[in-house]
Amino acid sequence: MEKEEQRNFLLAMAAMIVFVFLYQFFVMEPAQKRYQAQQAAVAAQKQVEEINTAAGIQTGPKPLPEALAASARVTIDAPSVDGSLRLAGARLDDLSLRNYYVTVEKTQEIRLLRPEEGEFGFFSTYYWADGNTLVAGRNSDWKLVDGTALTPASPVTLRLEADGVTIDRVVSIDENFLFTFTDTLTNTSGTAKSLRPIGSVERYGQFKAFLDATEPGVSRELNGLAHMGLMGVTEGTLRLQKYKPMVEAKKAKGESKEGDFPSSKGGWWGLSDKYWMAALVPAQDAAFTARVNKANFTRNGPIEIRTEGSAYEVAPGASVTVENRIFAGAKKFDLLRAYQEQKNIPQLVDAIDWGWAFFLTKPFFYVLHWLHGHLGAFGWAILAFTVLVKLPLVPLYNVSFKSMAKLKKLQEPMKEINERFAADPQRKQQEIMKLYKETGANPIGGCLPILATIPIFYALYKTLYVTLDMRHEPFWYMKDLSAPDPTAIGNLFGLLGFWDAADIKAIPVLGIIIGIGILPLLYGATMAVLQSLSPPPPDKMQARIIMALPIVFMFVFGGFAAGLVLYWVWSNVLTFIQQYIIMRMNGAETEVGKFVAGLLGRRKAPAD
């Protein structure tokens with residue numbers, strides 16, 4: 001029997017090792033190869049462009065400086081954004097976020113909006129139509145008539161003179177990410193005009209590559225945990241559609257699954273990434289229809305979303321003033337909530353993808369956000385949040401741990417039953433159930449906390465993943481809590497300065513082992529210590545498999561965000577303290593207790 005158990009144990013260990021290597025082979029390595037291929041393609045394209053530029057040949061998108069220089073512009077200079085507004089079409093098409101960067105080194109700002117002529121064109125504006133005829137269109141010739149640069153203190157005024165209509169557009173920006181387009185339309189013709197506003201957000205290019213350029217490592221999540229794509233609110237209902245179905249519809253020259261959504265209760269309509277968004281916020285006191293420009297798909301054009309407002313009847317010589325807005329920036333909770341409350345933009349905080357478990361993720365974030373504001377560091381907020389989350393579960397854990405303590409005390413009787421009735425499984429099961437009944441032990445009781453911790457873990461993972469608070473937040477030795485642990489065994493956690501941890505983690509197969517950082521190691525250690533308090537399964541092979549689980553999960557957690565692993569390590573520590581106390585109170589002996597007693601015993605031993 002011992003040989004069979006050893007064989008089963010070796011098979012189980014081999015299966016776990018195979019799992020780890022398969023995970024590396026099928027998940028980690030392909031991701032690394034895709035990233036390397038993208039970088040190589042970018043480098044090759046750049047080389048081709050340099051050769052063509054030297055030869056005077058222009059192919060593909062223009063370099064960004066050249067694209068920006070191709071048309072007249074008005075500088076944007078605000079505390080939270082910088083860039084420029086293109087006069088042709090009065091477009092917001094050059095916008096960088098001043099306080100957000102591509103990497104923790106803070107050398108390159110996140111560039112959200114880009115000109116159409118360049119790579120990954122992404123821009124927004126408002127047009128005007130008279131019936132089916134555009135009065136102010138994509139490339140209309142707007143003139144700057146007042147102001148030199150757009151700042152929170154100094155709006156700029158543009159003017160467009162079309163057939164029978166003059167539009168004076170005052171563009172202003174607040175201290176953050178909200179642009180206001182105040183259009184005064186004057187009918188200079190001899191007949192009445194029926195003018196309606198059309199908001200537009202257009203986006204070109206492969207979004208996977210774009211996201212790699214602005215948020216390294218995020219593109220693989222295009223259909224993952226964070227919603228990226230169409231997002232908006234009409235008639236008080238949140239509408240979502242991911243980029244991938246929209247892109248596939250474009251490639252197939254088919255129709256988007258989205259229809260038209262009329263709204264008389266206000267709303268907004270945008271294209272959203274994980275942390276950033278460009279959204280149309282039409283006049284909230286007028287009805288509008290939100291839609292996707294399906295005609296663009298048939299022409300293999302960009303993804304374009306629109307808001308088309310109700311028409312304004314303007315008599316000859318009369319004027320009408322309409323105010324529309326554009327949000328272009330970071331989905332920062334405080335800011336979204338302020339806009340929602342102060343500008344009456346419905347459900348704008350839902351631009352953050354709370355997911356189906358919003359009844360948990362929203363409260364979790366509110367608590368974390370509050371703790372962050374009071375404790376100063378997001379790492380401390382996670383530690384404090386862990387304590388708060390576990391407090392309501394204390395009674396449940398107490399019941400579970402008391403049950404475990406009883407089972408722990410039954411190890412010897414269980415062992416005796418297993419040995420006496422080894423040849424009669426049915427009798428053995430009857431005797432075990434009888435023993436449980438006599439002692440009041442419940443083997444299922446130990447599983448109760450799992451039912452509560454699984455949804456909590458998922459909700460916290462979702463919360464930390466989609467909200468901005470943890471991004472690039474340092475704590476302890478970590479520069480970014482939203483990224484995996486930056487240390488590695490391979491360079492002795494940074495002591496060997498000549499070998500970078502990122503290079504170690506990128507090594508095929510071996511990197512998953514020697515690339516393990518401090519937090520995943522602590523997770524494995526705390527999980528193993530916690531396991532020592534629980535009664536092992538009667539089957540030795542099962543017991544050995546369970547003993548090996550901390551090693552497996554240590555590798556799995558190696559790729560998780562450091563903030564999430566920090567939560568789990570601290571949760572294990574708190575659980576261990578609680579379980580150890582309860583088991584000692586119930587007279588159950590633990591392996592940790594034996595170890596401590598042994599140490600104390602040796603210390604007390606008299607010297608000869």
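**Note on the predicted model: sheet, rings and selected residues**

1. Strand S17 (residues 276-281) is mostly covered, with six of its six residues buried. This is a predicted model. Trp276, Ala278 and Leu280 point one way from S17, while Met277, Ala279 and Val281 point the other way, and all are buried. In a regular strand the side chains alternate between the two faces of the sheet.

2. Which strands pair with S17? One is strand S16 (residues 267-272), which pairs with S17 in the antiparallel sense over four bridges. In that pairing Leu271 stands opposite Ala278 in S17. S16 and S17 form a hairpin, and three residues lie between them. The other partner to note is S21: S17 and S21 pair in the antiparallel sense over six bridges. Here Leu280 stands opposite Ile326 in S21.

3. Strands of a sheet pair through backbone hydrogen bonds, either parallel or antiparallel.

4. S21 also pairs with S11. Strand S11 (residues 178-187) and strand S21 (residues 319-330) are joined in the antiparallel sense over nine bridges. Thr186 stands opposite Ser319 in S21.

5. Aromatic contacts deserve a separate look. A search of the whole structure finds 26 aromatic pairs. How are the rings of Phe327 and Tyr339 arranged? Their centres are 6.1 Å apart and their planes stand at 80°, so the pair is edge-to-face; the cut-off for that class is over 60 degrees. Phe327 lies in strand S21 and Tyr339 in helix H6 (residues 333-342), so that the pair links distant parts of the chain, 12 residues apart. Both Phe327 and Tyr339 are buried.

6. A second pair is formed by Trp354 and Phe365. The ring centres are 5.6 Å apart and the planes are at 55°, so this pair is tilted. Trp354 is in the loop between H6 and helix H7 (358-375), and Phe365 is in helix H7; the pair links distant parts of the chain, 11 residues apart. Trp354 has 4% relative accessibility and therefore counts as buried. Phe365, at 1% relative accessibility, counts as buried too. The cut-off for buried is under 20% relative accessible area.

7. Ring pairs also link Phe457, Tyr461, Tyr465, Tyr523, Phe557, Phe560, Tyr567 and Trp568 into a cluster. Elsewhere, the charged end of Arg91 sits over the ring of Phe123, 4.2 Å from its centre.

8. The buried residues of H8 are Phe378, Gly379, Ala381, Ile382, Leu383, Phe385, Thr386, Val389 and Lys390.

9. Where is Ser80 placed? Ser80 is in the loop between strand S1 (73-77) and strand S2 (81-86). With a relative accessible area of 6%, Ser80 is buried. The side chain of Ser80 reaches the backbone oxygen of Glu175 at 2.9 Å. A polar contact of 3.5 Å also joins the side chains of Ser80 and Asn176.

10. Ala72 is found in the loop between helix H2 (64-69) and S1. Is Ala72 buried or partly exposed? At 47% relative accessibility, Ala72 counts as partly exposed. The C-alpha atoms of Ala72 and Leu144 are separated by 9.7 Å, and the two residues are 72 residues apart along the chain.

Key: Residues numbered from 1 in each chain as written. Predicted model: local features only at pLDDT ≥ 70, side-chain atom pairs only at ≥ 80, totals over all residues. Heavy atoms only, no water. Pairing = 2+ DSSP bridges. Helix = DSSP H or I, 4+ residues; strand = E, 2+ residues; numbered from the N terminus. Phe/Tyr/Trp six-rings, centres within 6.5 Å; stacked < 30°, edge-to-face > 60°. Buried < 20%, exposed > 50% of the residue type's maximum accessible area, 1.4 Å probe, protein only. Lys NZ or Arg CZ within 6 Å of the ring centre and 35° of its normal. Polar contact = N/O pair within 3.5 Å; in protein donor to acceptor, adjacent residues only side chain to side chain.
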